[in-house]
Amino acid sequence: MSRHLPLFLLFFLLSLVPNGRCQKEEVCSKSMINSCNDCVTSGPYCAWCQQLNFTKAGEQEAARCETRAKLRERGCREEEIIYPPSVQEILKAESLSNSFNMQEPVQLSPQKISLKLRPGLPTTFSVSFKRVEGYPVDLYYLMDLSFSMRDDLENVKGLGKDLLAALKKITQHAQIGFGAFVDKTVLPYTNTNKNKLQKPCDENYACQASFGYRHVLSMTPRSDEFRNVVTEQSISGNLDSPEGSLDAMMQAAVCGSKIGWRNSSTRLLVLATDDGFHMAGDGKLAGILEPNDEQCHMTNNLYTKTNLMDYPSVGQLAMQLEENNIQPIFAVTKDVENMYKQLSKMIPKSEVGVLSHDSNNVVQLIESAYNRLSSKVTLTHDNLPENVRVAYTPRCADARQEGDNEGVCDNVLVGQKISFDVTVTADACINNKSFSIRPLGIKDTLTVELSTNCECQCKNPSESEHAHCKDKGRISCGICSCSQGFVGQFCECAIGKKDELTLRSSCQRDKGIDCEGRGDCVCGRCQCHTTASGSSYHGDFCECDDEHCEKFQNRLCGGNGRCNCGRCECYPGFDGSACQCTVSEEGCRTLNNTICYGRGVCKCNRCECKDGYQRPHCQTCLGCPDPCQIKLNCIECLGFDSGPLKKNCSLVCGENVLHDMVDQFTFSSKQCKEKDMEGCWIKFKLDQLVGKDRYRAEILKQRECPEPPNVLAIIGGSIASVALIGIVLLLLIKLLIHMKDLKEFRKFENEKKKSKWAEADNPLFKNATTTVANPTFTGE
């Protein structure tokens, strides 16, 4: 018996809570409440008490705004509580159809609902769905006719009969259509040579001229018509691998009247290809900059703007397929399967199947893809207004949650009824908006008309001057709305010649709100409200309260003081921001019997040090400047009567530095060695005294000064150096001149040797002497 007692208690406690779940506590989070409308829009569980005299003297009218339970506890009668609820009304709910009988079937119910919501309060309603038996199917076969698909085309020519037979197993109302695509007929996608445009294939193959997208056959229930039209088709070709698949799918989606889509049908678009696809932005390669406009541009069954408009984006295509209730099936080869699976993730209600090398398995592929699509029911919404949230809870055997904005039921059989709980929440006030809820790929929709309940419907007395308001105002939801010239909680203050703004400004600190939001401005003075615990706010602007001081051990001011305007006033013998410490200086006392070495204050029996000095006793300062450099000027003037402080040394340094001139140091502190203004090295030691900037110094009597330079030697050396440099320069110049002359002489000698002078006399030359020969002279 005792072993089963805990289990019994568990079931008993669960039975006390609805649905076996813990209920969320209702809380009213309010701020800046001045009226009933402010109250009901501040939180989903806020209610307003319109009962007269509900508030106490000095209590703000915002106290009327609370949860219903708390208002009842404070004595507000149930009939005086204003709580606008959420209201839902079903405007249209036709029964679900069992089978298709050539009339518009009903697969979703209700079809129209009106919601008047309380902001922030979720409202849930149920939506039912049932797949109709024999629902019509329209299948549009969109085939890639690029050269690599030539083997597949031969199999597709005999496909119509088998494909329609497979669809007839599902419904007797099946239709099939056919379209073909290649790519844009411009470079770099297609060879633009005139002959190549007309015959893009090799001469061994008969093929048709290049084209972007062509609609070949509108929806028909006749397999022979499909076979005859498709048999006339021939292969084509282009240059690059990706094809214009998205261009063709977009036209097949938006040109509904030309394709022949029926209003009441399951629309399937089968894309058969063995390559990837171009998408938005690729058109720039051909200089095509105009974005796709998502409109139908078909003339004589040919897409006329293929070379003028860019490819559509995946988002554009997904939106148009969803709006037109078209479910794509990508029948692709194995090597591009992953690419189209990624595309399928971005297009709702789509499937991917793998074609064999010659497409002979396409019927089985389409049949299995259709079964997966039709058995999966995805409920979602369109055109959702701002500040509105929708959540779905599927009520079915195989429920799934694939996204935040949709609910999914998988493996739904024909004729099986399922339902979804739809929860709608409005986060702000809304006036007359609407949105639609529908299953993806199905025409049926539920229209939700939406508005919010943000205004209080109070039962106000008819008197324009009510006695409760001193006959100077009327009652509005339990509070006074004063006539002109009167202000106050009960219209008790006549403003006279002053205007209301002047009176209100005297109740505002630093141009803030009246009385800091903690009181009422009555005749230019603040009447402070009471706090939640019953005490009162105080101060000229009600800026103070005695409840929000620092706590210690979860007690206000540690229990050792009183709270006054946000600060603790400690009792004798206690200290600290929360009066958490006893008054004592034992922890701050140093070895020389000082408090924190005079470089801090003792609070809570601990030193609070100044300017970088370190605890526990503020003895050392890690971040302070080096005292050797700071006190150098004082050491120089005190010890050697020199330096920049020579004239006022005793005034500046006399009280801060006590010095002794020594022959040998006795201090154990660090030795300082600094250079003074005369270039001499001074050695000294500093010992910091009590206080921040007081030192005792020991200075060595003897400075280390460098010997003065020999002026005569410097002058003589300088003169000798200048003279020597001059002589060297003259010799260098003389050498250069000599070398130049020598070079010119050698050049002259060489020129002279090269010349060949004639030995004959110049006939113009007349010698100054005349020689006469004696003919008779024999020489003897």
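Predicted model: local features only at pLDDT ≥ 70, side-chain atom pairs only at ≥ 80, totals over all residues.

Author: Happy to. A search of the whole structure turns up 26 disulfides, and we'll look at a few of them.

Start with Cys570 and Cys579, a disulfide with its sulfur atoms 2.1 Å apart. The link of Cys570 and Cys579 is left-handed, with -95 degrees about the S-S bond.

Move along to Cys588 and Cys602, whose sulfur atoms are 2.1 Å apart in another disulfide. Here the torsion about the S-S bond is about 75 degrees, so the disulfide of Cys588 and Cys602 is right-handed. Cys588 sits in the loop between strand E34 (581-582) and strand E35 (600-603), and Cys602 is in E35 itself, so this pair ties together parts that are 14 residues apart in sequence. As for accessibility, both Cys588 and Cys602 are buried.

The loop between E34 and E35 has another cysteine to show you: Cys596. Cys596 forms a disulfide with Cys607, with 2.0 Å between the sulfur atoms. The torsion about that S-S bond is about -95 degrees, so the link of Cys596 and Cys607 is left-handed. The partner, Cys607, belongs to strand E36 (residues 606-609), and the two cysteines, eleven residues apart, link distant parts of the chain. Cys596 and Cys607 are both buried.

Follow the chain on from E36 and you come to the loop between E36 and helix H14 (627-630), where Pro616 lies. The peptide bond from Arg615 to Pro616 is cis, with omega near 15 degrees. Why point that out? Because most peptide bonds are trans. There's another cis bond to look at, joining Leu187 and Pro188, with omega about 5 degrees. You'll find Pro188 in the loop between strand E9 (174-181) and helix H6 (194-198).

Most residues other than glycine have a negative phi. Asn411, though, has a positive value, near 60 degrees. Asn411 is in the loop between strand E19 (406-409) and strand E20 (417-426), and its relative accessible area of 48% makes it partly exposed. Asn554 also has a positive phi, near 60 degrees. Look for Asn554 in the loop between strand E29 (551-552) and strand E30 (555-556); with 68% relative accessibility, Asn554 counts as exposed.

Now for some helix packing. Helix H8 (residues 245-254) and helix H10 (residues 314-323) pack at an angle of about 25 degrees, and their axes are 9 Å apart. That angle makes H8 roughly parallel to H10. The crossing of H8 past H10 is left-handed. If you want to pick out the side chains by eye, H8 brings Leu246, Met249, Met250, Ala253 and Val254, and they meet Val314, Gln316, Leu317, Gln320 and Leu321 of H10. Sorted by class, the contact of H8 with H10 has eight nonpolar residues, two polar ones and no charged ones.

Two single residues are worth a stop before you go exploring. Leu638 is in helix H15 (residues 632-640). Setting aside residues up to four places away in sequence, Leu638 touches Cys649, Cys653, Val657 and His659. Take Cys649 from that list: Leu638 and Cys649 are eleven residues apart along the chain, and their C-alpha atoms are separated by 6.8 Å.

The other stop is Ser128, found in strand E7 (residues 123-130). Ser128 is buried, since its relative accessible area is 17% and buried means under 20%. Leaving out neighbours within four places in sequence, the contacts of Ser128 include Leu96, Gln107, Leu108 and Ser109. Its contacts also take in Lys417, Ile418 and Ser419.

Note on methods. Residues numbered from 1 in each chain as written. Heavy atoms only, no water. Axes fitted to C-alpha atoms, helices over the stretch in contact; angles between N-to-C directions. Helix = DSSP H or I, 4+ residues; strand = E, 2+ residues; numbered from the N terminus. Parallel < 35°, antiparallel > 145°, perpendicular 65-115°, else oblique. Left-handed = near helix turned anticlockwise from the far one by under 90°. Contact = heavy atoms within 4.5 Å. Nonpolar A, V, L, I, M, F, W, Y, C, P; charged D, E, K, R; others polar. Disulfide = S-S within 2.5 Å. Buried < 20%, exposed > 50% of the residue type's maximum accessible area, 1.4 Å probe, protein only.
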